[in-house]
Amino acid sequence: MISGSSISTPTIWESEFDCASADGAASADPLSFVETASPPAVSLLVPEPDASDAPVQAALKKLRQSCGATVPARATLDQFGLGDIVTAEWPQVLPVRCPS
């Protein structure tokens with residue numbers, strides 16, 4: 001959930017790097033967490049959760065409870081249907097970083 005934002009219709013949100021910006025100051029924008037260390041993302045934002053989103057919502061809630069800790073990479077990505085992308089080059093555990 002993105003606090004402070006109102007979405008009245010399904011909206012496609014796409015992040016990209018703003019390499020020209022030298023402003024490292026904190027922003028009031030709830031989507032300002034995109035950094036050069038993160039890949040660009042395309043997301044569908046909806047005003048109300050759909051029943052088919054329940055497994056993803058549960059996985060996100062579980063991750064939120066692990067803020068500041070680490071989680072097993074493959075098991076965590078399996079929850080999002082992404083376990084098949086984990087290769088030997090991946091770390092065994094991933095850090096969970098949550099915005100303050």
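## The disulfide

The torsion about the S-S bond of Cys67 and Cys98 is about -90°, so this disulfide is left-handed. Its two cysteines sit in distant parts of the chain, 31 residues apart: Cys67 lies in the loop between α1 (54-64) and β3 (70-72), and Cys98 in the segment after β4 (93-95). Helices here are DSSP runs of H or I with at least four residues, strands are runs of E with at least two, and both are numbered from the N terminus.

The S to S distance between Cys67 and Cys98 is 1.9 Å; a disulfide is a pair of cysteine sulfur atoms within 2.5 Å. The count by this rule is one disulfide. Cys67 is partly exposed because its relative accessible area is 36%, and Cys98 is also partly exposed, at 29%. Buried means under 20% relative accessible area, exposed over 50%, and partly exposed in between (1.4 Å probe, protein chains only).

## About the model

This is a predicted model, where local features need pLDDT of at least 70 and side-chain atom pairs count only at pLDDT 80 or more, while totals for chains, interfaces and linings use all residues. Residues are numbered from 1 along each chain as its sequence is written, and side-chain values use heavy atoms, leaving out hydrogens and water.

## Two residues to look for

Is Thr76 buried or exposed? Thr76, found in helix α2 (residues 73-78), counts as buried because its relative accessibility is 8%. Thr76 touches Leu63 and Val71, not counting residues up to four places away in sequence; contact means heavy atoms within 4.5 Å.

Leu44 belongs to strand β2 (residues 42-45). Leu44 is exposed, because its relative accessible area is 58%.
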